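Reader: I am new to this structure. Please take one part and walk me through it closely.

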Amino acid sequence: MSIAHRDLAVGRPIRRSEIIERAESWLRPSVPYSQTKFHQNEHGIYRTDCSGYVSMAWGLPGVPPNRHGGLDTIGLARISSLITKDELVAGDVLLRTEGTNLTRHVTIFHEWATSQRTAYWGFEQSGGTGTVLRRIAFPYDQDGELYTPRRYSLVARNQR
């Protein structure tokens, strides 16, 4: 079963371990950030901004059939559900949908960096750094109150 988004069947069931494996693929080497360029590897062709990166990691359609190389942050919100901080596990995201294409952002949660859950290791695609795995203050370093934990609707249940 897939989720419809603008008449495009989006995604397939995916395991969390596959999401992390796919996210790591843009670290070798780090993919430069751009809202207009694309990157191709063994997982397909995707736009090299934060939402294109998450689209790739979640196994969503790239180019073709989605000429945009993945969904934008609003599209990612439509195919995911809100979760709590305590429910966060590898492959979930912290998503900001408020603002413009210059302020909306998404990171992929990997694991907690502190036992107090005040920081996590997150995969991120952003201007100035490209793709990185870095320690991020929960829920996000700046404007954190605008970020919400979310889970892709087709992530496989009870699987790593």
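Author: A polar contact is a pair of N or O atoms within 3.5 Å. The model is a predicted one.

Start with the open sheet. Six strands form it, in the order β5-β10-β6-β7-β8-β9. The pairing is antiparallel. In general, strands of a sheet pair through backbone hydrogen bonds, either parallel or antiparallel. Which strands stand at the edges here? They are β5 (80-82) and β9 (130-137). Each has a single partner strand, so one side of each is left without a neighbour in the sheet. From one strand to the next, the twist averages 35°.

Now look at β10. This strand covers residues 148-152. Is β10 mostly covered or mostly open? It is mostly covered, with four of its five residues buried. Strand β6 (residues 93-96) runs antiparallel to β10, and three bridges join the two. In this pairing, Val93 stands opposite Arg150 of β10. Strand β5 is also joined to β10 by three bridges, again antiparallel. There, Ser81 has Arg151 in β10 as its bridge partner.

A helix comes next. Helix α2 packs on the sheet. It touches β6, β7 (105-112), β8 (119-126) and β9. The direction of α2 makes about 50° with that of β7.

Helix α2 (residues 50-57) also packs with helix α1 (residues 16-24). Two packed helices are described by the angle between their axes and the distance between the axes. For α1 and α2, the angle is about 135° and the axes are 8 Å apart. That makes α1 oblique to α2. Which residues meet? From α1 come Ile19, Arg22 and Ala23. From α2 come Tyr53, Met56 and Ala57. The residues of this contact divide into five nonpolar, no polar and one charged.

Last, the loop between α1 and β3 (38-41), where Ser34 lies. Is Ser34 buried or exposed? Its relative accessible area is 11%. Buried means under 20%, so Ser34 counts as buried. A polar atom of the Ser34 side chain lies 3.0 Å from the backbone nitrogen of Thr36. What else does Ser34 touch, leaving aside its neighbours within four places in sequence? Ser34 is in contact with Arg47, Thr48 and Asp49.

Terms used: Residues numbered from 1 in each chain as written. Predicted model: local features only at pLDDT ≥ 70, side-chain atom pairs only at ≥ 80, totals over all residues. Heavy atoms only, no water. Axes fitted to C-alpha atoms, helices over the stretch in contact; angles between N-to-C directions. Parallel < 35°, antiparallel > 145°, perpendicular 65-115°, else oblique. Contact = heavy atoms within 4.5 Å. Nonpolar A, V, L, I, M, F, W, Y, C, P; charged D, E, K, R; others polar. Buried < 20%, exposed > 50% of the residue type's maximum accessible area, 1.4 Å probe, protein only. Polar contact = N/O pair within 3.5 Å; in protein donor to acceptor, adjacent residues only side chain to side chain. Pairing = 2+ DSSP bridges.
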